[in-house]
Amino acid sequence: MPEEQKPLEVLVVDDEQEVRSVLVEFISSDGVNVTVAVDGQDGIDKYLKKEGRPYDLVLTDYSMPSANGVEVAREIKEQRRGTLIYILSGTPREIIDAELSKVPEESRSEGIIPKPYIIMGMVDLIEKIRLYI
């Protein structure tokens, strides 16, 4: 990693410990700092309480206690529109799209990544985002 390039700051929000562990293992690298949150509200709280540079990317599960992925995206986007947010879910896309349609466009996630996702696709996503940060 070039000296002038800052590490990518990633927040992983998922209520399933195994999913969090797999994501962290596969996206962690020399240029990626990963923080984990155990549910939607924890993710919102960690995002809002982060000091210094904000997170560049949030990967959030859709179906969680306290706040689902759409709610996490909306709360975060209301604070900082520039954060890239992807919802990870095994829930049928139509259900998530129906909920997203009720949220102002500027408060929506950038996309939905279906579970089970292909880990190499996640690594590719991290690399693409790194080019824009």
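**Exercises: helix packing and cores**

Helices α2 and α3 are roughly parallel to each other (angles under 35 degrees count as such). This is a predicted model; local features need pLDDT of at least 70, side-chain atom pairs count only at pLDDT 80 or more, and totals for chains, interfaces and linings use all residues. Residues are numbered from 1 along each chain as its sequence is written, and side-chain values use heavy atoms, without hydrogens and water.

**Exercise 1.** Find the angle at which α2 and α3 pack, and state the handedness of their crossing.

*Solution.*
Step 1. Locate the helices (DSSP runs of H or I, at least four residues). Helix α2 covers residues 40-49 and helix α3 residues 69-79.
Step 2. Take the axes, which are lines fitted to C-alpha atoms over the stretch in contact. The angle is about 15 degrees, and the axes lie 9 Å apart.
Step 3. The crossing is right-handed: the near helix is turned clockwise from the far one by less than a right angle.
Step 4. List the contact (heavy atoms within 4.5 Å). Helix α2 gives Gly40, Ile44, Tyr47 and Leu48; α3 gives Glu71, Val72, Glu75, Ile76 and Gln79.

**Exercise 2.** Describe the largest nonpolar core.

*Solution.*
Step 1. Such a core joins buried (under 20% relative accessible area, 1.4 Å probe, protein chains only) Ala, Val, Leu, Ile, Met, Phe, Trp, Tyr and Cys residues through side-chain atoms within 4.5 Å.
Step 2. The largest one has 15 residues. Val10, Leu57, Leu59 and Ile126 have the most contacts inside it.
Step 3. A second, separate core has 13 residues, including Val13 and Met64.
Step 4. Now take Leu57. Beyond four places away in sequence, Leu57 touches Glu9, Val10, Leu11, Leu84, Tyr86, Ile126 and Ile129.

Definitions and conventions:
Buried < 20%, exposed > 50% of the residue type's maximum accessible area, 1.4 Å probe, protein only. Axes fitted to C-alpha atoms, helices over the stretch in contact; angles between N-to-C directions. Helix = DSSP H or I, 4+ residues; strand = E, 2+ residues; numbered from the N terminus. Parallel < 35°, antiparallel > 145°, perpendicular 65-115°, else oblique.
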